[in-house]
Amino acid sequence: MRDCLIVGKTHAGKTLFVLNFAQYLGLDNVDLIFKYPNGLIEKKTYSIAKARRELVGPIPHTTRALQTVSIDLPVGKGVKRCFLTDTSGLIDHIHSDVEVRRAIAQTLGAIREADLILHLVDAAAVGVSDAPTALGEVDYQVAQIAQMRGGYAILANKMDLPGAVSGLAKLKLELPGHRLFPISALYKRGFREVKSYVQHLLC
Ligand SMILES: Nc1nc2c(ncn2[C@@H]2O[C@H](COP(=O)(O)OP(=O)(O)OP(=O)(O)O)[C@@H](O)[C@H]2O)c(=O)[nH]1
Ligand SMILES: [Mg+2]
């Protein structure tokens, strides 16, 4: 039990979460393993600041590969090595770009393999529109699939933005019965609770 997959719709904040969570756990530099849909595997070393500049962005489908970072979680007097994998963002429709479609298929395949799934949702976006619209069919489907398996939690992200508090309330109604953590990936809020949960599930 050591593979944690970060999934969610495009622009939910998955990449920023992975990088800032790694920094919260004490990493200033990360070795990221990129696994592309065409099978190519590549390792790149970044400072967290550089990774944020290059890998996080406002344009949908910025991430188009599985991007894995290893983290050490404290267990008793030692540590346990676990893997956090960022994924290409999901969408409700069929994308016109074949590369995006392949990247999404890769994410869906990885969901089957993971020990723990952290499902990021943009709570601020949910707050400013009808929950079913902002959540999207794909979020309901991920929650449904995850229900049938072990480790799964929803991370209601962007709690620093206006509308996120009402978004969180809507999320609780729309996706009841799941473990849910309000966070801000940007300001590293809610990370202590997420760390405890990941530690509990993976270690
Ligand atoms: N205010 C605020 N902005 C955030 C937060 N998390 C992410 N963002 C912003 O949301 C945008 C998308 O963030 P990413 O981390 O690239 O999103 P993603 O889910 O990886 O997107 P894809 O790679 O396209 O699937 C960026 O402009 C981030 O700066 C947050 O907690 N608060
Ligand atoms: Mg991304």
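This is a predicted model: local features need pLDDT of at least 70, side-chain atom pairs count only at pLDDT 80 or more; totals for chains, interfaces and linings use all residues.

Mentor: We will discuss the metal site, the ligand, the pocket and some individual residues.

Trainee: Let us start with the metal. Which residues coordinate the magnesium ion?
Mentor: The magnesium ion, ligand 2, is coordinated by T15 and T63, each through its OG1 atom, at 2.0 to 2.1 Å.

Trainee: Where in the chain do T15 and T63 lie?
Mentor: The pair links distant parts of the chain, 48 residues apart. T15 belongs to helix α1, residues 14-24, while T63 sits in the loop between α2 (48-55) and β4 (66-75).

Trainee: Are T15 and T63 buried or exposed?
Mentor: Both T15 and T63 are buried.

Trainee: Staying with α1, why is this helix described as largely enclosed?
Mentor: Because 9 of the 11 residues of α1 are buried, the helix is largely enclosed by the rest of the structure. The buried residues of α1 include K14, L16, F17 and V18. Also among them are L19, N20, F21 and A22.

Trainee: What comes just after α1?
Mentor: Just after α1 there is G26, which takes a positive phi of about 110°.

Trainee: Which other residues have a positive phi?
Mentor: H11 is one of them, at about 75°, although it is not a glycine. K188 is another non-glycine residue with a positive phi, in this case of about 60°.

Trainee: Where are H11 and K188 found?
Mentor: H11 lies in the loop between β1 (3-8) and α1. K188 is in the loop between β8 (179-182) and α7 (191-202).

Trainee: And why do H11 and K188 count as partly exposed?
Mentor: The relative accessible area of H11 is 40%, so H11 is partly exposed. K188 has a relative accessible area of 30%, so K188 is partly exposed as well.

Trainee: Which element gives the most to the lining, and how is the lining divided by class?
Mentor: α1 gives the most to the lining of the largest pocket, with 3 residues. By class, the lining has 10 nonpolar, 13 polar and 3 charged residues.

Trainee: I also noticed S88. Where is it, and is it buried or exposed?
Mentor: S88 is in the loop between β5 (78-86) and α3 (98-113). At 2% relative accessibility, S88 counts as buried. The side chain of S88 reaches the backbone nitrogen of A65 at 3.3 Å.

Trainee: What about A146?
Mentor: A146 has its place in helix α5, residues 131-147. A146 counts as buried, with 3% relative accessibility. The C-alpha atoms of A146 and R112 are separated by 9.4 Å, and these residues are 34 residues apart along the chain.

Trainee: And P60?
Mentor: P60 is in the loop between α2 and β4, the loop that also holds T63. P60 is partly exposed, with a relative accessible area of 45%. From P60 to I91, 31 residues apart along the chain, the C-alpha atoms are separated by 9.8 Å.

Trainee: Finally, where is C203?
Mentor: C203 is in the segment after α7, and with a relative accessible area of 34% it is partly exposed. C203 and L25 are 178 residues apart in sequence and 15 Å apart in space, C-alpha to C-alpha.

Note on methods. Residues are numbered from 1 along each chain as its sequence is written. Chains are lettered from A and ligands numbered from 1 in the order in which they are written. Side-chain values use heavy atoms; hydrogens and water are left out. Donors are N, O and S atoms within 2.8 Å of the metal (3.2 Å for Na, K and Ca); water is not among the atoms, so sites may look incomplete. Helices (H or I, at least four residues) and strands (E, at least two) are DSSP runs, numbered from the N terminus. Buried means under 20% relative accessible area, exposed over 50%, partly exposed in between (1.4 Å probe, protein chains only). Ala, Val, Leu, Ile, Met, Phe, Trp, Tyr, Cys and Pro count as nonpolar, Asp, Glu, Lys and Arg as charged, and the others, Gly among them, as polar. A polar contact is a pair of N or O atoms within 3.5 Å; within protein, one must be able to donate a hydrogen and the other to accept it, and residues adjacent in sequence count only if both atoms are side-chain atoms.
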